[in-house]
Amino acid sequence: MRPVTLFTGQWADLPFEEVCRLAAEWGYDGLEIACSGDHFDVAQAVADPSYVEQKHAQLEKHGLKVWTISNHLVGQAVCDLIDERHKSILPARIWGSGDPESVRQAAAEDMKNTARAAALLGVDTVVGFTGSSIWHTVAMFPPVPASMVDAGYQDFADRWNPILDVFDEVGVRFAHEVHPSEIAYDYYTTVRTLEAIGHRPAFGLNWDPSHMVWQDLDPVGFILDFKDRIYHVDCKDTRMRVGDGRKGRLSSHLAWADMRRGWDFVSTGRGDVPWEDCFRALNSIGYEGPISIEWEDAGMDRLDGAKEALAYIRKLNSITPPATAFDAAFSTT
């Protein structure tokens, strides 16, 4: 059965040892370790062999394993138009003087090292973001010439192909999380993103339906359409609240959990993701990797939510395809 893990990104304010203790107490099989807080330091991992050994020792102490690491925050800076928002999410070694191109170059080098660190840790998948130089044009006003969009995808390819070369060298894959603000955020942008890098195998997708529901994308169809590119699964949920004539999908710059928003991330199983159909689709494509719970709910205590979400996902994850078709008994031949 596929292992169920906890993504530690939303827990990076807690010491890694404490997150291990909690996850083990709740019954998780392992962690999707975020490269933030004291959870995993990419630079230290590639510089000090004992660092990776220490991480494995911490996991083993609590009976946990690791199949993936995630570096969303640094990956975001590879292609983004850098501004003051990035300073708060990036390590000081990446931010440096804050010069935008210097930040992008430092982020690219760190993503190369993330691949190396993953290999040293013994995992074959890194989950993350790519950033985008053209996300700010999504409203298409002022009018956006096709050449500007073309340049955005070329910029992505130019910056990420050298990174993916290192992923290939060390035998690790990158799973891009399809997400608004990234180069691939819906169906057609995912198609174009894969085309931009020549469909190279080093680049695949992290399937997270929470970002699809509020865009009116079909998360089940997405699994089937990109079945050969689903490298990792994150389970996060979204609840829609549009329909009263005031709440919009762009959420009006309102804070998470503000009831005036058109949608919110909620604890897995409490939103509008069609989870059973999604798991049946994962079964149909033969996905055998980890199922990682990315817990986000600004209106619920995470200590309650992470435990509840695990129980919910365990039931769905136990659905296994039959050895024989149910109607085989009707046949006389």
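**Loops and their surroundings**

Guide: Asp-216 is exposed, because its relative accessible area is 55%, where exposed means over 50%, buried means under 20% and partly exposed lies in between, with a 1.4 Å probe and protein chains only. The model is a predicted one, in which local features need pLDDT of at least 70 and side-chain atom pairs count only at pLDDT 80 or more, while totals for chains, interfaces and linings use all residues. Residues are numbered from 1 along each chain as its sequence is written, and side-chain values use heavy atoms, with hydrogens and water left out.

Asp-216 lies in the loop between α10 (210-213) and α11; helices (H or I, at least four residues) and strands (E, at least two) are DSSP runs, numbered from the N terminus. Although Asp-216 is not a glycine, its phi is positive, at about 65°. Most residues other than glycine have a negative phi, and most peptide bonds are trans.

Ser-181, in the loop between β5 and α9, likewise is not a glycine and has a positive phi, of about 90°. Its relative accessible area is 19%, and therefore Ser-181 counts as buried, whereas Asp-216 is exposed.

If neighbours within four places in sequence are left aside, His-179 is in contact with Phe-129, Ala-184, Tyr-185 and His-211, where contact means heavy atoms within 4.5 Å.

Apart from neighbours within four places in sequence, Ser-132 is in contact with Cys-79, Asp-80, Leu-81, Ser-181, Glu-182 and Ile-183. At 6% relative accessibility, Ser-132 counts as buried. Its C-alpha atom is separated by 16 Å from that of Leu-90, a residue 42 places away along the chain. Pro-142 also lies in the loop between β4 (125-128) and α8 (146-170), and the peptide bond that joins Phe-141 to Pro-142 is cis, with omega near -5°.

An α-helix has 3.6 residues a turn, so residues three or four places apart point the same way. Just after α12, Gly-286 takes a positive phi of about 75°.

There is also an open space to consider, the second largest pocket, with a volume of about 150 Å³. On a 1 Å grid over the protein atoms alone, a pocket is an open set of points with protein on both sides within 12 Å along at least five of seven lines, and lining residues have an atom within 4 Å of a point; grid points are joined across faces, edges and corners, and the volume is the space filled by probe spheres set on them. The pocket is lined by 13 residues, and Arg-173, Tyr-231, Tyr-287, Gly-289 and Pro-290 are those nearest its centre. The elements that give two or more residues to this lining are β3 (65-70) and β7.

As for the chain that carries these parts, it has 13 helices and ten strands. Its radius of gyration is 20 Å, close to the 20 Å that the globule rule gives for 333 residues, so the chain is as compact as a globular protein of that length; the radius is taken over C-alpha atoms, and the rule is 2.2 Å times the number of residues to the power 0.38. Of the 333 residues, 51% count as buried, and the C-alpha trace spans about 70 × 55 × 45 Å along its principal axes. Residues 24 or more positions apart account for 77% of the contacts with a separation of 6 or more.

Key:
1 Å grid on protein atoms, 1.4 Å probe; cavity = no way out; pocket = protein on both sides within 12 Å on 5 of 7 lines; lining within 4 Å.
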